[in-house]
Amino acid sequence: MTTTLQAHLQTTTQLSNDLSPLSLRGAFGQFPSGVAALAAYSHDGVAQGMVASSFTVGVSLEPPLVSVAVQNTSTTWPLLRETNRIGVSILGEGQGTIARQMAAKGSDRFDGLNIETNSDAIFVAESALWLETSIYGEFPAGDHVVALLEVHNLADFTDVHEPLVFHKSQFRNIRDH
């Protein structure tokens, strides 16, 4: 005996042509992302750092590549891109305050932070993951530049520190959900 079950689902989807920055930010914020601090000592020995939630791991395994999208208006990225190595710290649970501090303009982004260094690369202590990287390539992408970073060394602390997540314009811990 054969039974055929047909289900008719009616859905009404309404796409919006509102592609304003506010609307896009709200839509993109529905997708949780990790929070990465990128930091290095510039050629004049000054610590430079920024935070990105547009960081992607696993772009390529051979060679090992990750990516980050940076606003064209960034004043920090031009300084970081000139360094030999850039430290990427995937921030850990409870490090939302550090993310805000490192994203702030006009202040010492490293004031009071516990950091580690390797060559020019700077890493934030108690992060979930460290990646020592260098620029592999850059590509214009609208109001951003997408940078591919080649990974040279790593340290995985995820057995001790869960990654921090940025979702719906808030810092969250993975355990929250």
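Student: In β6, what's the bridge partner of alanine 39?
Tutor: Glycine 87 is the one in β6 that bridges to alanine 39. This is a predicted model, where local features need pLDDT of at least 70, side-chain atom pairs count only at pLDDT 80 or more, and totals for chains, interfaces and linings use all residues. Residues are numbered from 1 along each chain as its sequence is written, and side-chain values use heavy atoms, leaving out hydrogens and water.

Student: OK, and how many bridges are there between β2 and β6?
Tutor: Four, and the two strands pair in the antiparallel sense. Two strands count as paired if DSSP finds at least two bridges between them. Strands are DSSP runs of E, at least two residues, and helices are runs of H or I, at least four residues, numbered from the N terminus.

Student: How many bridges join β2 to β3?
Tutor: Six, again with the strands running antiparallel. Tyrosine 41, for instance, has alanine 47 in β3 as its bridge partner. The two strands form a hairpin with five residues between them, and glycine 45 in that turn has a positive phi of about 85°.

Student: Is β2 mostly covered or uncovered?
Tutor: Mostly covered: five of its six residues are buried. Buried means under 20% relative accessible area, exposed means over 50%, and partly exposed is in between, using a 1.4 Å probe and protein chains only.

Student: Switching topic: which residues touch the most other members of the largest nonpolar core?
Tutor: Leu38, Phe55, Val68, Trp77, Val88 and Leu149, out of 20 residues in that core. The largest share, four residues, comes from β10. A nonpolar core here is a set of buried Ala, Val, Leu, Ile, Met, Phe, Trp, Tyr and Cys residues joined through side-chain atoms within 4.5 Å.

Student: What does leucine 38 touch?
Tutor: Its contacts (heavy atoms within 4.5 Å) include Met50, Val68, Trp77, Val88 and Leu149, not counting residues up to four places away in sequence.
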